[in-house]
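Hi,

Here is the structure I promised to pass along. Have a look at it first, and then read my notes below.

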Amino acid sequence: MEDRFKYGVSLYSFTEDFGSVMSIEEGFDHIADTGATGIEILGETHVTGYPTPDKAWLDRWFGLLDRTGLEPTNMCSWVDTKLRLGQSLSVDEGAAELVRDLTLAHQLGFKFLRPKFGVISADLVPDPIWAPAVERVLDLAHKLDIVICPEIHSPTPINHPVVHGYIDFIERTGTKNFALLIDTGIFQDRPLKSWVHEVPEGDSDHAKLINGMKVNPEELVGIAPYIAFIQAKFHHIDDNLHDENIPWEKVIPVLKRIGYTGYLSSEYEGVREPWVAIDQVRRQHVLLRRLEAACDAVPA
């Protein structure tokens with residue numbers, strides 16, 4: 001079993017349900033019902049009283065972990081470099097936001113933290129303070145046993161200066177507490193039918209979000225040593241368990257071949273209506289487990 005994927009779910013998948021038709025208790029239950037072992041959250045969205053939840057909330061959180069058997073995987077956070085008009089955060093301020101979220105992630109039991117820095121371009125080049133700010137907190141991340149994971153998200157492909165910069169940072173510092181998080185939306189190879197009304201047409205970076213970047217999953221091979229976590233982004237899986245946008249039949253064999261044994265954390269981003277995500281996440285877990293089983297059944 002040690003060479004198998006771990007399966008998790010991001011509470012973000014239930015954005016249209018959470019707080020309206022779904023409580024945090026029901027969110028835990030729906031995740032556990034898929035057979036998943038991990039739960040991913042957005043700190044600001046899902047932690048009442050963020051960044052300093054009170055004792056009652058903490059007791060509720062750990063009680064739910066105990067009852068469902070789920071483990072905290074990744075906490076998503078933001079370094080809000082655009083907080084002030086015309087003036088970015090300083091390195092000290094950026095590092096302070098990372099310390100805040102590393103501390104909370106550790107308190108809640110998470111092993112991964114995905115900070116999203118403000119960007120300076122449409123292809124998601126992060127604010128230049130990211131490198132010195134992260135470097136200042138690497139010792140704390142090591143002490144807390146947390147890996148800081150910048151997200152590789154459409155429209156940033158794998159072969160891009162942003163990714164090269166992250167890998168250069170890892171090599172220069174020699175750190176084990178900074179690695180890549182891959183959002184599988186970069187492999188999308190067919191248009192998003194439900195998002196057409198939200199994004200401009202044409203060949204802009206924004207339009208790639210609906211038409212797909214079509215990154216070849218084989219490109220994962222070249223960055224395999226740097227991958228720590230995968231958000232299994234998807235948008236629609238039909239009644240025959242066929243994903244209409246993400247080519248999992250190509251992605252999963254590559255992940256098996258490179259020896260990835262970390263989390264596939266479901267991140268549903270399809271139709272924004274209550275109740276839809278619950279069924280979609282369950283469909284994705286069946287689909288991914290079938291594909292992994294098929295790979296494992298092939299003699300080495």
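A word on naming before anything else: helices (H or I, at least four residues) and strands (E, at least two) are DSSP runs, numbered from the N terminus. This is a predicted model, so local features need pLDDT of at least 70 and side-chain atom pairs count only at pLDDT 80 or more, while totals for chains, interfaces and linings use all residues. Residues are numbered from 1 along each chain as its sequence is written, and side-chain values use heavy atoms, with hydrogens and water left out.

**The sheet**

Nine strands make an open sheet with parallel pairing, in the order β5-β4-β3-β2-β1-β9-β8-β7-β6. (Two strands pair if DSSP finds at least two bridges between them.) At the edges sit β5 (147-148) and β6, each of which pairs on one side only. Further in, β8 and β9 run parallel and are joined by five bridges. One of the residues to look at here is Lys233, whose bridge partner in β9 is Glu267.

**Salt bridges**

The whole structure has 23 salt bridges, counting a side-chain nitrogen of Lys or Arg within 4 Å of a carboxyl oxygen of Asp or Glu. For burial I use relative accessible area: buried is under 20%, exposed is over 50%, and partly exposed is in between (1.4 Å probe, protein chains only).

Lys233 turns up again here, in a salt bridge with Glu269 (3.4 Å, N to O). That pair links distant parts of the chain, 36 residues apart: Lys233 is in strand β8 (residues 227-234), and Glu269 is in the loop between β9 (263-268) and α9 (276-297). How accessible are the two partners? Lys233 is buried at 2%, and Glu269 is buried too, at 9%.

Next comes Arg283 with Asp239, where the closest N and O atoms are 3.0 Å apart.

Arg84 and Glu93 form another salt bridge, with 3.1 Å between the closest N and O atoms. Arg84 is partly exposed at 30%, and Glu93 is partly exposed at 31%. There is also a network of salt bridges that links Arg4, Lys256, Glu292 and Asp296.

**A pocket and two cavities**

These come from a 1 Å grid over the protein atoms alone: a cavity is a set of points where a 1.4 Å probe fits but cannot get out, a pocket is an open set with protein on both sides within 12 Å along at least five of seven lines, and lining residues have an atom within 4 Å of a point. Grid points are joined across faces, edges and corners, and a volume is the space filled by probe spheres set on the points. In the residue classes, Ala, Val, Leu, Ile, Met, Phe, Trp, Tyr, Cys and Pro are nonpolar, Asp, Glu, Lys and Arg are charged, and the others, Gly among them, are polar.

The second largest pocket holds about 260 Å³ of space. It has 16 lining residues, with Lys116, Phe117, Leu124, Glu151 and Tyr166 nearest its centre. Which elements supply at least two residues each to this lining? They are β4 (112-117), α5 (130-144), β6 (151-152) and α6 (161-173), and β4 gives the most, with three. Twelve of the lining residues are nonpolar, two polar and two charged.

There are two cavities of 30 Å³ or more. The largest, at about 40 Å³, has a lining that includes Phe14, Asp17, Tyr268 and Arg272; by class, that lining is four nonpolar, three polar and four charged. The second largest cavity, about 30 Å³, is lined by Phe14, His30, Thr34, Ile278, Val281 and Arg282. Helix α9 gives the most to this lining, with three residues.

**One last residue**

Ile186 is in the loop between β7 (180-183) and α7 (205-211), and is buried at 0%. Beyond its neighbours within four places in sequence, Ile186 has contacts (heavy atoms within 4.5 Å) that include Ile152, His153, Met213 and Val215. Ile186 and Ile246 are 60 residues apart in sequence, with 8.8 Å from C-alpha to C-alpha.

Cheers
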